[in-house]
Amino acid sequence: MSADPVTLMVARRVARERYQDFMAWLREGEQLAADFPGYLGSGVLAPPPDDDEFQMIFRFADEPTLAAWEHSASRRAWLERGTGLFEQPHEHRALGLDAWFGMAEERPPRWKQSVAIWLAFFPVSLAFNLLFGDWLADLPLTLRILLSTLALTPLMTYWFIPLSTRLLAPWLKASRPAGSRPGMAIQPR
């Protein structure tokens, strides 16, 4: 088994009139997942105004910790309570940073992935330091880095890197040279 963090991405179509019920159900699921060892976080990306597909993300330390949550009685009961709120979900599992860049055959070269991440990270890091740098300046270096990474990691993971990859999609998905090798595949569930 891999020691890399693993991300379970689930797409669910939700009727507009069931949105509030779905969000309450989802919050319950996030709380249940948070009780499992290896849980690293979760989130939801709402659909654009003309769509009804929500993207849910659950991240665990590794495959075994995700499997423990996936096969738990509490998750099964939670999924049963969600019956009727959404259509049959579509699930994907991704390891490491590959979760942000799609299926293996669509994934851009690592150098393009690095550029997309840097273009998200630089302005957010700069803004954080402009806003909080003076306040953090008197703290020891280790504490400054701890506080900044605690604040920036969720922002980068859930908002800014997905935004960067969406905005740069045409460039990221530009055709690959023949014979190039894609990265690790996202495994369909």
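Here are some notes on the salt bridges around one arginine, plus a look at one leucine.

1. First, the ground rules. This is a predicted model, with residues numbered from 1 along each chain as its sequence is written, and local features need pLDDT of at least 70, while side-chain atom pairs count only at pLDDT 80 or more and totals for chains, interfaces and linings use all residues. Side-chain values use heavy atoms, with hydrogens and water left out.

2. How many salt bridges does the structure hold? There are 5, where a salt bridge is a side-chain nitrogen of Lys or Arg within 4 Å of a carboxyl oxygen of Asp or Glu.

3. One partner of arginine 13 is aspartate 51, with 2.8 Å from N to O in their salt bridge. Arginine 13 sits in strand β1 (residues 6–13) and aspartate 51 in the loop between β2 (39–45) and β3 (53–60), so this contact ties together parts that are 38 residues apart in sequence. Strands here (E, at least two residues) and helices (H or I, at least four) are DSSP runs, numbered from the N terminus.

4. Aspartate 52 also forms a salt bridge with arginine 13, at 2.6 Å from N to O. This pair again links distant parts of the chain, the loop between β2 and β3 for aspartate 52 and strand β1 for arginine 13, 39 residues apart.

5. Then comes glutamate 53, whose side chain meets that of arginine 13 in a salt bridge of 3.5 Å, N to O. Through shared partners, salt bridges join Arg13, Asp51, Asp52 and Glu53 into one network.

6. Aspartate 51 is partly exposed at 26%, aspartate 52 is partly exposed at 25%, and glutamate 53 is partly exposed at 23%.

7. Now for the leucine. Leucine 163 belongs to helix α5 (residues 141–167) and is partly exposed, with 33% relative accessibility. Leucine 163 and alanine 120 lie 43 residues apart in sequence, yet 7.9 Å apart in space, C-alpha to C-alpha.

How values were computed
Buried < 20%, exposed > 50% of the residue type's maximum accessible area, 1.4 Å probe, protein only.
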